[in-house]
Amino acid sequence: MITMKFGGTSVGDIPRLQEVISIIQSHLAKQPVVVASAMGGVTDTLLETAQLAVQRESDQVENNVDALRERHLQAANALIRNEDRRKELIHSHSLLFDELLNIYNGVGLLRELSIRSLDAIASFGEILSCMQIAAILSDSGVPAQFVDARMLVRTDAHFGEAAVDFAVTNESIRSFLMPLVNANVVPVVTGFIGRTHDGLTTTLGRSGSDYTGSIVGAALGSEEIWIWTDVDGVMTADPRHVKGATVLPQISYREAAEMSYFGAKVIHPKTMLPAIENSIPIRIKNTFNPSHPGTLISRAANSTERVVKNVTSIDHLSLVAIEGNGMVGVPGISARIFSALARMHVNVMMISQASSEHNVCVVIPQKDRPKAVQELQSEFEADIARKIVDAIKVQDGVSIVAVVGEGMRGMPGIAGKTFSAVAQANVNVVAIAQGASELNISLVVEQPDARKAVQAIHDAFHLA
Ligand code: ADP
Ligand code: ASP
Ligand code: MG
């Protein structure tokens, strides 16, 4: 059995959907379970429209919903020949669009848009898309069933990026999907969405369909999890920004997790977790080029290959430094910093402390900076008054550039080569960190320099 996840571009227009159907058809012997995203761009539109709704821009809200309606209608008309089946899908879609409009109206009336409402709104994308894929598959003679993942994926109530309750989820996935698979019906499961125990819709975070794919694949004990996307595999750098990026044939789970954590958008960072636990290989494949072998992500790193595998960058970050001569030798400062940030649900992307202990830096998403700094200020208020801590300094608009590869462990000179490449490109390094795992070196640079730094490092390690 195999689990196949199809991303937004892959299900985003009529020719792509045709390709997806033919990919599924050619792997029927493997008893595929399908997980799919919203059509490309739909989630963004749904969320942007929510902002318009709260501003009571009702004409624009209606226009956007009409455009979404039209886009799905065109796909249904083009790809479903059986009239009854086509009408049934169009009818189901139409009920969903009515419901969506009602939600937008409610948001406008109340002038209130919570993260909880945003999750409910975002969930429509995957539901519309997966209903459509199941109907098209059935129309092509492949028995298929739409599955709303909210019936399977149980989460906590951390809206926007909910945590999965695996005990409940794994059991539901198995008991609901196995009978379909055994009856040779292809389940088409919505990525990205889940539900709390009291029935509220949640999402797993942007790009979370990859994670759903791996949750489903692992729960079912699939042979492999295939993530179908719009590039040939995981590449040495983001192909949109770096000249000469090439496909990596094989990487380890840890490398994949590290790369994606630091911005390689091709796979969601949490995707590797369920797969690692069950030792299920993940394959990244291209719907535009299905015969390409893609990238295999598994336990083993391909050590015969390059030492440095990948250079990534992640933007829109802030550097927060807690400084003070009085901090030297005072135990517990770092612990207090992390507790304060954890209380505010702020994700610390990187930490760096100079050996003098006079300064601790954390890098966090810029959107979280106001609440983070406020909480740190109140945590250290007494220490600031007593001059143990001098100041909490902030630098917005920074990026982390990360160099990733298992082979870096114990290899001298990697850091040196990285920094001289960056220096030659005339990029100023604001802070650095190397994880104890030696799986990556990360540097903080000003955001406008990030691309230049990535390209320089990519060139220096001959990744092209
Ligand atoms: P999907 O809709 O299939 O989930 P995404 O847009 O989320 O696809 O991810 C695929 C995109 O990730 C690629 O088109 C590419 O531009 C981008 N990307 C960023 N970094 C990398 C990388 N290191 N390797 C491959 N693709 C990358
Ligand atoms: N549709 C969701 C998003 O755009 C989830 C996904 O595509 O993985 O974030
Ligand atoms: Mg994605």
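Helix H10 (residues 333-343) and helix H11 (residues 369-379) cross at roughly 135°, and their axes come within 9 Å. Helices here are DSSP runs of H or I with at least four residues, numbered from the N terminus. The axes are lines fitted to C-alpha atoms over the stretch in contact, and angles run from 0 to 180 degrees between N-to-C directions. H10 and H11 are therefore oblique to each other. On the cut-offs, angles under 35 degrees count as roughly parallel, over 145 as roughly antiparallel, 65 to 115 as roughly perpendicular, and the rest as oblique. The crossing of H10 past H11 is right-handed, that is, the near helix is turned clockwise from the far one by less than a right angle, with anticlockwise being left-handed.

A word on the source. This is a predicted model, in which local features need pLDDT of at least 70 and side-chain atom pairs count only at pLDDT 80 or more, while totals for chains, interfaces and linings use all residues. Residues are numbered from 1 along each chain as its sequence is written, chains are lettered from A and ligands numbered from 1 in the order in which they are written, and side-chain values use heavy atoms, with hydrogens and water left out.

Back to the helices. H13 (residues 414-424) packs on H14 (residues 450-460) at about 130°, with the axes 8 Å apart. H13 and H14 are therefore oblique to each other, and their crossing is right-handed.

Then H2 (residues 42-54) and H3 (residues 58-79): the angle is about 160° and the axes are 9 Å apart. That makes H2 roughly antiparallel to H3. The crossing of H2 and H3 is left-handed.

Now the ligands. Which residues are closest to ligand 1? Thr229, Asp230, Met235, Arg240 and Lys265, out of 19 residues that surround the ligand; a residue counts as near if one of its heavy atoms lies within 4 Å. By class, that shell has eight nonpolar, six polar and five charged residues. Nonpolar means Ala, Val, Leu, Ile, Met, Phe, Trp, Tyr, Cys and Pro; charged means Asp, Glu, Lys and Arg; the others, Gly among them, are polar.

For polar contacts, the criterion at a ligand is a pair of N or O atoms within 3.5 Å. Oxygen atoms of ligand 1 lie 2.8 Å from a polar side-chain atom of Lys265, 2.9 Å from a side-chain N or O of Arg240, and 3.2 Å from a side-chain N or O of Lys5. Taken alone, ligand 1 exposes 570 Å², and the protein buries 91% of that, by the Shrake-Rupley method with a 1.4 Å probe.

The side chain of Arg206 places an N or O atom 2.6 Å from a ligand 2 oxygen. For Ser37, a polar side-chain atom is 3.1 Å from an oxygen of ligand 2. Gly208 uses a backbone N or O atom, at 3.4 Å from a ligand 2 oxygen. On its own ligand 2 has 260 Å² of accessible area, of which the protein covers 86%.

Conventions. Polar contact = N/O pair within 3.5 Å; in protein donor to acceptor, adjacent residues only side chain to side chain. Helix = DSSP H or I, 4+ residues; strand = E, 2+ residues; numbered from the N terminus.
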